[in-house]
Amino acid sequence: MSRSVAWVMSQCPEFLSVFIKRFAGCNVDPNTAVIRCQVIEKSSGRTDVEIQASESLHLIIEAKRGWELPGQSQLNKYFPA
């Protein structure tokens with residue numbers, strides 16, 4: 001499912017723009033955005049989808065099953081306290 005969402009974002013700049021505005025609260029040029037799937041870092045684990053747009057945005061999307069939210073230890077892997 002994550003790959004499908006990333007593919008839609010890469011093919012539909014309007015969807016990507018609305019998604020970023022809704023979840024990150026900023027406007028970016030979707031043509032400058034880089035979308036990556038299943039990024040694996042040995043030290044920090046695996047992210048499902050990452051979106052980067054110039055220096056202004058780095059958005060990480062984690063797919064979860066059910067109502068389980070990520071814990072503090074998982075969140076600290078992306079942005080240490």
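Predicted model: local features only at pLDDT ≥ 70, side-chain atom pairs only at ≥ 80, totals over all residues.
**Stop 1: the core.** Select A6, M9, L16, F19, I20, V28, A33, V49, I51, A53, L57 and L59. These 12 residues form the largest nonpolar core. Now colour by secondary structure. Helices α1 and α2 (13-24) and strands β2 and β3 (57-61) each supply at least two residues of this core. In soluble globular proteins, nonpolar side chains tend to be buried together.

**Stop 2: I20.** Stay in the core and centre on I20, one of its members. Which residues touch I20, leaving aside its neighbours within four places in sequence? Show G25, C26, V28, I51 and L57: I20 is in contact with each of them.

**Stop 3: E50.** Move to strand β2, residues 45-53, and pick E50. Is E50 buried or exposed? Its relative accessible area is 8%, under the 20% cut-off, so E50 counts as buried. The side chains of E50 and H58 make a polar contact at 2.7 Å.

**Stop 4: the nonpolar patch.** Switch to a surface view and select M1, V5, W7, V8 and F15. Together they make a nonpolar surface patch of about 540 Å². Which element gives the most to this patch? Helix α1, residues 2-11, does, with 3 residues.

**Stop 5: W7.** End on W7, a patch member that sits in helix α1. Its relative accessibility is 54%, over the 50% cut-off, so W7 counts as exposed.

Terms used
Residues numbered from 1 in each chain as written. Heavy atoms only, no water. Patch = residues over 30% accessible without salt bridge, like charges linked within 9 Å, V, L, I, M, F, W, Y side chains within 5 Å. Areas by Shrake-Rupley, 256 points an atom, 1.4 Å probe, with all protein chains shown as cover. Salt bridge = Lys/Arg side-chain N within 4 Å of Asp/Glu carboxyl O. Helix = DSSP H or I, 4+ residues; strand = E, 2+ residues; numbered from the N terminus. Buried < 20%, exposed > 50% of the residue type's maximum accessible area, 1.4 Å probe, protein only. Polar contact = N/O pair within 3.5 Å; in protein donor to acceptor, adjacent residues only side chain to side chain. Core = buried A, V, L, I, M, F, W, Y, C linked by side-chain atoms within 4.5 Å. Contact = heavy atoms within 4.5 Å.
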